[in-house]
Amino acid sequence: MKKMIAGILCLVLALSLSGCGTNAQSSDTCNTNYEEGYTAGYEAGYHDGKQQVTGNEKRFAQFSGSFTATVEQLLPDYYALPGKTIAVVHFFQDRPFLLHFQKDLTGELIEGTSYVFEFETFQVELPEDEEDLDILDYMYSINVTGYRAAEDDELGTDSKLPTVEIVLK
């Protein structure tokens, strides 16, 4: 009886060893297939990512030109160096905003008067979810280079507004 059990165990051992040999060959095939698939998937993902990076260009808004605004109040700029002015201004029927000047214009600008302000062209990077562009959101970027009193055809609904252009980089 012991001999019979020992024989069966030897037969099972021999069969399991022979199965390992074929599994080793198939596992080599599996490893090769896996490596090829992994490499192909990695390269495809790399190229997709590269296209997404080049496809996702940054968006900038470029503001230029001039605008008509009414000066409501002139204030000294206590946060900057002495001799600079901040004006509380507003577009026709719009909310007020602060306009910074590089020099003191307190004696030159008159409260309650509408002026055409010229400013340096500037660009700001837009967030992806930005849809409505408003120069008032970027009031600290406005650098006024000149101004003049607004004429009758530049007041009210005929007011001058800055030019806004979307630039992709």
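Visitor: Is β5 mostly covered or mostly open?
Guide: Count the buried residues along the strand. In this predicted model, 5 of the 6 residues of β5 are buried. That makes β5 mostly covered.

Visitor: Which strands pair with β5?
Guide: Look for bridges. β2 and β5 run antiparallel and are joined by 5 bridges. Within that pairing, Ala 69 has Tyr 115 of β5 as its bridge partner. β5 also pairs with β7, residues 144-149, again antiparallel and over 5 bridges.

Visitor: Which residues touch the most other members of the largest nonpolar core?
Guide: Phe 67, Phe 97, Leu 99, Phe 117 and Ile 142 do, in a core of 26 residues. β1, β2, β3, β4, β5 and β6 each give two or more residues. β2 supplies the largest share, with 4 residues.

Visitor: What is Leu 99 in contact with?
Guide: Skip the neighbours within four places in sequence. Then Leu 99 contacts Phe 67, Thr 85, Ile 86, Ala 87, Val 89, Phe 117, Ile 142 and Val 144.

Visitor: How do side chains point along a strand?
Guide: In a regular strand they alternate between the two faces of the sheet. Now take another residue, His 100, which is found in β4, residues 96-101.

Visitor: Why does His 100 count as buried?
Guide: Because its relative accessibility is 18%, and the cut-off for buried is under 20%. Beyond four places in sequence, His 100 touches Asp 77, Thr 85, Ile 86, Tyr 140, Ile 142 and Val 144.

Visitor: Does Gln 93 count as buried or exposed?
Guide: Exposed, because its relative accessibility is 71% and the cut-off is over 50%. Gln 93 sits in the loop between β3 and β4. Check its backbone too. Phi is positive, about 50°, although Gln 93 is not a glycine.

Visitor: In what order do the strands of the open sheet run?
Guide: Read β6-β1-β8: 3 strands, with antiparallel pairing. β6 and β8, residues 163-168, are the edge strands, as each pairs on one side only. On average, neighbouring strands in this sheet are turned by 25° against each other, direction ignored.

Visitor: How many bridges link β1 and β8?
Guide: There are 6, in the antiparallel sense. For one of the residue pairs, see Ala 61, whose bridge partner in β8 is Ile 166.

Key
Residues are numbered from 1 along each chain as its sequence is written. This is a predicted model: local features need pLDDT of at least 70, side-chain atom pairs count only at pLDDT 80 or more; totals for chains, interfaces and linings use all residues. Side-chain values use heavy atoms; hydrogens and water are left out. Buried means under 20% relative accessible area, exposed over 50%, partly exposed in between (1.4 Å probe, protein chains only). Contact means heavy atoms within 4.5 Å. A nonpolar core is a set of buried Ala, Val, Leu, Ile, Met, Phe, Trp, Tyr and Cys residues joined through side-chain atoms within 4.5 Å. Two strands pair if DSSP finds at least two bridges between them. Axes are lines fitted to C-alpha atoms, for helices over the stretch in contact, and angles run from 0 to 180 degrees between N-to-C directions.
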